[in-house]
Amino acid sequence: MEIDIAAPMERIWTLTQDTDLHPRWDVRFSRITPTETDASGARRFTYERETPLHTVRGTGISLGERRRPDGSRTSALRFSTRDRLSPIRGGRGYWRYLPLPDGRVRFVTGYDYDAGWGLLDILVRPLIGWATAWSFDRLRIWAETGVPPERWPLRTVFAWSRSDRPRAARCGRRPAGRHALDGAPATLATLRDPS
């Protein structure tokens, strides 16, 4: 999944890497709390996703590459939860930040996870994909215009008359036949399961 953002690389990096800012645009998280950084620079954290009925809690580890020879940046992630009510048990993924010739940045993700609800994953996986894409467009709007993501709560999905609202359809999807983790940075393989 990918989206092009007309904003400086440093701004997009800050909005995605700062654990106070990330949950503001990413509907998949309510809270991310850093816990420690190891000698390699990998950051451990806890995360929460609040719902009206239950709060899912888990742990994760991420490692960013801020300076790569081609001008791109990457961030690799592994996460895990023991919460039996979570639709996702554990997984891994990455973000890639690619500078484009016109000054925009292509923000790309790939991820995979272990299903927590068995056969119901046939419904959960598309919903997680939609939430990721919608959140990416919410990030794009914030980075490009300065309009804070709180202006676009989840219920604005139904504000069909608002052409300026976040839309999952603005994200490009992975081409057919490619695995979600194709293109993952080498740092992803260095991260151990955070549980």
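**Group meeting: pockets and salt bridges**

Okay, let's start with M9, which touches G71, R73, Y97, L98, P99 and V105, leaving aside residues up to four places away in sequence; contact here means heavy atoms within 4.5 Å. Before I go on, this is a predicted model, so local features need pLDDT of at least 70 and side-chain atom pairs count only at pLDDT 80 or more, while totals for chains, interfaces and linings use all residues. Residues are numbered from 1 along each chain as its sequence is written, and side-chain values use heavy atoms, with hydrogens and water left out.

Back to M9. It sits in helix α1, residues 9-17; helices (H or I, at least four residues) and strands (E, at least two) are DSSP runs, numbered from the N terminus. Is M9 buried or exposed? M9 is buried, at a relative accessible area of 14%, where buried means under 20%, exposed over 50%, and partly exposed in between, with a 1.4 Å probe and protein chains only. From M9 to H22 you go 13 residues in sequence and 15 Å in space, C-alpha to C-alpha.

Next, helix α3. Its 25 residues, 121-145, should span 36 Å at 1.5 Å a residue, and the end C-alpha atoms are 35 Å apart, which agrees; the expected span is 1.5 Å times one less than the number of residues. Just after α3, G146 takes a positive phi of about 85°.

Of its 45 lining residues, R28, F29, R49, I88 and I128 are the closest to the centre. Elements giving two or more residues to that lining are α1, β2 (31-37), β3 (43-50), β4 (55-65), β5 (73-80), β6 (88-99), β7 (105-115) and α3. By class, the lining has 24 nonpolar, 13 polar and eight charged residues. Nonpolar covers Ala, Val, Leu, Ile, Met, Phe, Trp, Tyr, Cys and Pro, charged covers Asp, Glu, Lys and Arg, and the others, Gly among them, are polar.

For the method: on a 1 Å grid over the protein atoms alone, a pocket is an open set of points with protein on both sides within 12 Å along at least five of seven lines, and lining residues have an atom within 4 Å of a point. Volume is the space filled by probe spheres set on the points.

The second largest pocket has a volume of about 500 Å³. Of the 23 residues lining it, M1, T109, G110, R174 and A180 are the closest to its centre. Which element gives the largest share of this lining? That's β7, with seven residues. The classes here are eight nonpolar, six polar and nine charged.

Last topic, salt bridges: a side-chain nitrogen of Lys or Arg within 4 Å of a carboxyl oxygen of Asp or Glu. The structure holds 18. One of them pairs D4 with R106, at 2.7 Å, N to O. D4 lies in strand β1 (residues 2-5) and R106 in strand β7, so this pair ties together parts 102 residues apart in sequence. R106 is partly exposed, at 26% relative accessibility.

R170 and D137 form another, with the closest N and O atoms 2.5 Å apart. R170 is in the loop between α3 and α4 (187-190) and D137 is in helix α3, so the parts tied together are 33 residues apart in sequence. R170 is partly exposed at 30% relative accessibility, whereas D137 is buried at 0%.

Definitions and conventions
1 Å grid on protein atoms, 1.4 Å probe; cavity = no way out; pocket = protein on both sides within 12 Å on 5 of 7 lines; lining within 4 Å.
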